Amino acid sequence: MLSQIAYAIPGSVDEAVKLMADSGARVLAGGTDLVIQIREKEVSPGMLVDLGHIEELQGIRVEDNVLIIGALTPFSRIAESPLVLEHAPALAAAAGSVGSPQIRNTATIGGNVVNGAVAADSVPALMALDAQLSLVSAGMTRKVPVESFMKGLNQTDIAPGEILTEIEIPLKESRQMVFEKIGRRQALAIARINIAVVLTSSRDSGVEDAAIALGAVGTTAYRVDAVEEFLIGKQLTPDVISEAQEKIRALVKEKLGSRPTAAYKSEIAGAVLGRALRRIVNPEGGDCIE
């Protein structure tokens, strides 16, 4: 099946954009998801445009107080990057939780985002970090927040002919953040649930800003606005954490409705949020969820 598909290796973004003008073209960015989809006949592209040789799509840097990650940067590099560990440790943790070491060496953050899978590990972290995407097409570049880019199950806001080139994360002072994931098996698990929590707080004012994004619950990852709003102005006491857990349980129950997984996902969402908030209060402590 793969041998019947036209294959192109552009050397620049401009060349790739021209190739993507072919209505049947699909980007190959790591390929850990797309190749499986082709083999299982879920998609049938007329051409694969392999971006792996475009150096400008790889790398991590800080410019004008923004952390910029090339879309073709593999997860292994993101997980170990000193810049990501310093400025976005929740994203480093998410990247380090993806598959096996072999998969992390191949899978790219751009491919993970554009694929739009409900359990994509990078997406909740990027949402909670207010990341936005740079999308390039012939004669045009547009910026789209990750939160609005996700449209549904395996559906995103990428237009025909567009290429995701960079992910931009605005840097903010005094943020505390964690990423949590619950899967069936350690290391190779697809997430049953994942969550990223990013807070700005002070001893006097309590939580001043909150961003919480939940994945693998529903058709796409999403921000948990009701819990974010509840936390503003509060100290993370055991009672506040407990009430936040109840709120996310109720939200997940409503989101999943009559689905068979609703009860389990509701309980585990509350547990994983509680663990995340306790880790922020006490980074050396916390508890375990199996």
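This is a predicted model: local features need pLDDT of at least 70, side-chain atom pairs count only at pLDDT 80 or more; totals for chains, interfaces and linings use all residues.
Local features here need pLDDT of at least 70 and side-chain atom pairs count only at pLDDT 80 or more, while totals for chains, interfaces and linings use all residues. Residues are numbered from 1 along each chain as its sequence is written, and side-chain values use heavy atoms, with hydrogens and water left out.

**View 1. Glu-168 and Lys-143 form a salt bridge.** A salt bridge is a side-chain nitrogen of Lys or Arg within 4 Å of a carboxyl oxygen of Asp or Glu, and the structure holds 13 of them. In this pair, the closest N and O atoms are 2.5 Å apart. Glu-168 sits in strand β10 (residues 163–170) and Lys-143 in strand β7 (residues 140–145), 25 residues apart; strands (E, at least two residues) and helices (H or I, at least four) are DSSP runs, numbered from the N terminus. Glu-168 is buried at 13% relative accessibility, whereas Lys-143 is partly exposed at 43%. Buried means under 20% relative accessible area, exposed over 50%, and partly exposed in between (1.4 Å probe, protein chains only).

**View 2. Arg-249 pairs with Glu-246 inside helix α11.** Their closest N and O atoms are 2.5 Å apart. Both belong to residues 238–256, three residues apart, about one turn of the helix. Arg-249 is buried at 15%, and Glu-246 is partly exposed at 47%.

**View 3. Arg-249 also meets Glu-267 in a salt bridge.** Here the N to O distance is 3.6 Å. Glu-267 lies in helix α12 (residues 262–281) and Arg-249 in helix α11, so the pair ties together parts 18 residues apart in sequence. Glu-267 is partly exposed at 45% relative accessibility.

**View 4. Salt bridges link Asp-130, Lys-172, Arg-223 and Glu-228 in a network.**
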